[in-house]
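Thank you all for coming.

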Amino acid sequence: MNFSISVFNRIATTSVVTTAVAFGPFFAAIAQALTLNGAGATFPAPLYERYAREIKKDMPDMKINYQGIGSGGGVNQTIAGTVDFGASDAAMTDAEIAKVKQGVILVPTAGGAVSVVYNVPGVSDLKLSRTTLPGIFSGQITKWNDPKIKADNPGVNLPNLPIKAVVRADGSGTTFIFTNHLSNISAYFKGRIGTSKSPSWTISNALKGKGNPGVAALVGRTAGSIGYVEYEYANKNKLKSAQIQNKKGEFVAPSLQAANSALSSVSFPSNYRVFVGDPGQGYPIVGLTWIMVYKNYKDPAKAQAVKNFVKWVLTKGQKFNDDLNYTSIPSNVANDVINTVNSSVK
């Protein structure tokens with residue numbers, strides 16, 4: 001399978017081959033070589049690229065195209081029926097699910113941390129409390145040497161420099177995870193901005209970047225900036241990540257271990273939809289990411305290909321999550337999801 005993150009302008013057609021291909025103990029034989037087109041979240045794109053390189057060893061005759069357009073776009077295209085699967089870091093709402101004529105199943109693939117990245121000259125170890133972080137992103141704190149930030153960082157020489165907040169220009173599951181946390185810890189933020197994939201920011205001089213890559217690039221080249229990206233984008237772009245205060249009062253840096261700690265007590269309901277607002281331990285800004293598959297496909301071979309894809313991701317694919325600092329889906333939950341997809345997708 002060739003799994004590429006690329007822009008596509010139309011749905012690719014399926015190509016038929018005459019020889020059935022056996023996929024070993026994990027997969028049934030498929031008599032067609034198929035293309036599955038997906039679009040949505042940029043949060044899991046590095047992980048999906050890794051899946052791409054590994055999955056082709058088991059499924060060489062299926063091609064998957066994925067376009068990272070943001071979670072909002074992924075939800076919209078799933079509703080419109082213009083993709084074979086969507087992707088989002090913000091689980092679809094009941095109202096959104098009701099609009100999907102083909103029916104839809106939310107398939108959790110991974111979890112991860114959202115890093116608060118910054119570019120402040122002379123500052124290499126920034127701490128942000130449960131007061132200062134929402135204060136910055138609601139426009140209440142506008143200078144890096146504000147007394148509240150100084151109180152979080154005793155002995156650190158904070159410059160008299162305007163804060164330049166960097167947010168997403170597109171509808172974003174990363175934004176949903178971030179604003180969900182801030183809304184859980186700050187009544188002011190919740191009332192002024194709230195939890196949303198596309199919030200109306202009240203920050204007067206906010207910069208906007210498209211996707212996690214766009215935010216990372218803006219922070220990297222803008223002195224005095226602060227933004228939020230999926231943890232792996234912070235690593236890849238060598239950006240500094242702030243330590244964020246959790247519910248216990250601890251300042252915690254983003255890491256796989258800290259994200260696993262935060263998500264360790266998550267309970268999955270029957271629809272696999274989870275919103276993690278303010279975990280009791282570990283790194284506090286964490287969330288899950290999903291692909292959305294239809295219950296009904298016009299092509300039976302495509303339905304079978306989707307089942308095989310989901311099964312691979314939730315079995316063999318999960319071992320690659322740790323390599324890219326994503327948490328894995330618990331095996332009991334993964335098995336339940338596979339059974340749901342196998343029995344419901346037609």
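Predicted model: local features only at pLDDT ≥ 70, side-chain atom pairs only at ≥ 80, totals over all residues.

How many helices and strands are there in the protein? There are twelve helices and 13 strands, where helices (H or I, at least four residues) and strands (E, at least two) are DSSP runs numbered from the N terminus. With a radius of gyration of 21 Å, close to the 20 Å that the globule rule gives for 346 residues, the protein is as compact as a globular protein of that length; the radius is taken over C-alpha atoms, and the rule is 2.2 Å times the number of residues to the power 0.38.

Residues are numbered from 1 along each chain as its sequence is written, and side-chain values use heavy atoms, with hydrogens and water left out.

Of the 346 residues, 58% count as buried, meaning under 20% relative accessible area with a 1.4 Å probe, protein chains only.

Now to helix α6, residues 173-185, whose 13 residues should span 18 Å at 1.5 Å a residue, and whose end C-alpha atoms are 19 Å apart, which agrees; the expected span is 1.5 Å times one less than the number of residues. Twelve of the 13 residues of α6 are buried, so the helix is largely enclosed by the rest of the structure, and among them are F176, I177, F178 and H181. At the start of α6, a side-chain oxygen of S172 comes to within 3.1 Å of the backbone nitrogen of T174.

Note on methods:
Buried < 20%, exposed > 50% of the residue type's maximum accessible area, 1.4 Å probe, protein only. Polar contact = N/O pair within 3.5 Å; in protein donor to acceptor, adjacent residues only side chain to side chain.
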